[in-house]
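Please keep the sequence and the model open while reading.

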Amino acid sequence: DIEHLLNRRPKELSGGQRQRVALGRAIVRKPKVFLMDEPLSNLDAKLRIQTRAELIRLHRELGITTIYVTHDQVEAMTMGQRIAVMKDGLLQQCDASEKVYNEPANMFVAGFIGAPPMNFVKAKVTQESGTLYLQSDGLKLPITSSHPAAGMVGQDVVLGIRPEAIFDATMNNPVPTEPENTFQAKVDVLEPLGHVYTAYLKVGEH
């Protein structure tokens with residue numbers, strides 16, 4: 001989609017247009033490997049989504065190995081067949097996008113992947129009448145014997161809760177409302193995104 005730019009000189013192109021030209025130049029060379037360093041960063045939001053879809057289609061058609069560097073986790077999740085999460089030059093996890101999201105290797109990966117990010121709560125592993133629990137202020141969540149924290153009775157742990165796993169107890173939801181999995185919170189900020197609302201909660205303030 002750069003046909004209308006072909007008669008212009010480089011200095012007459014915007015940063016986003018130059019980026020698209022650079023992508024085109026790389027593609028027509030038909031290399032064995034693409035190395036792309038944030039190629040969509042200078043594009044506006046609409047064009048970024050359009051170009052992202054185009055790159056996914058081109059990768060499928062050309063079948064050329066592509067190493068794609070990005071700080072945008074949406075790009076990583078939607079484009080990457082395997083995602084390598086880096087921190088301070090060290091590899092934290094390299095897996096399929098679903099595994100990075102559902103089975104993060106550590107707290108950094110868990111907090112980095114996902115928007116809004118995962119909530120972290122200090123908790124302790126307890127056991128009562130043969131049942132294991134993750135217990136925190138106002139929360140007491142039962143866990144199975146196969147849970148990774150099952151062998152840590154009496155120890156302090158960090159409980160990670162994805163925002164989409166939190167529901168309004170007064171509404172119909174897929175999680176049974178029990179005293180031990182219910183907490184009170186105040187809606188601090190509400191962000192309307194059209195198809196969904198993102199609610200930021202304050203716990204312990206009434």
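By class, the lining of the second largest pocket is made up of 20 nonpolar, 8 polar and 4 charged residues, where Ala, Val, Leu, Ile, Met, Phe, Trp, Tyr, Cys and Pro count as nonpolar, Asp, Glu, Lys and Arg as charged, and the others, Gly among them, as polar. The model is predicted, and local features need pLDDT of at least 70, side-chain atom pairs count only at pLDDT 80 or more, while totals for chains, interfaces and linings use all residues. Residues are numbered from 1 along each chain as its sequence is written, and side-chain values use heavy atoms, with hydrogens and water left out.

The second largest pocket has a volume of about 940 Å³, and of the 32 residues that line it, Ile67, Tyr68, Val69, Gly80 and Arg82 lie nearest its centre. A pocket here is an open set of points on a 1 Å grid over the protein atoms alone, where a 1.4 Å probe fits, with protein on both sides within 12 Å along at least five of seven lines, and lining residues have an atom within 4 Å of a point. The volume is the space filled by probe spheres set on the points, which are joined across faces, edges and corners. Helix H2 gives the most to this lining of the second largest pocket, with 6 residues. Helices (H or I, at least four residues) and strands (E, at least two) are DSSP runs numbered from the N terminus.

The structure also holds 5 salt bridges, each being a side-chain nitrogen of Lys or Arg within 4 Å of a carboxyl oxygen of Asp or Glu.

| Pair | Closest N and O atoms |
|---|---|
| Asp156 and Lys124 | 4.0 Å |
| Lys140 and Glu128 | 2.9 Å |
| Asp188 and Lys202 | 3.9 Å |

Asp188 in strand S9 (residues 185–192) and Lys202 in strand S10 (residues 197–203) are 14 residues apart, and their pair links distant parts of the chain. Are these two residues buried, partly exposed or exposed? Asp188, at 44% relative accessibility, counts as partly exposed, and Lys202 is partly exposed with a relative accessible area of 33%; buried means under 20% relative accessible area, exposed over 50%, and partly exposed in between (1.4 Å probe, protein chains only). Asp156 counts as exposed at 61% relative accessibility, whereas Lys124, at 37%, counts as partly exposed.

Finally, Glu54, Arg57 and Glu61 are linked in a network of salt bridges.
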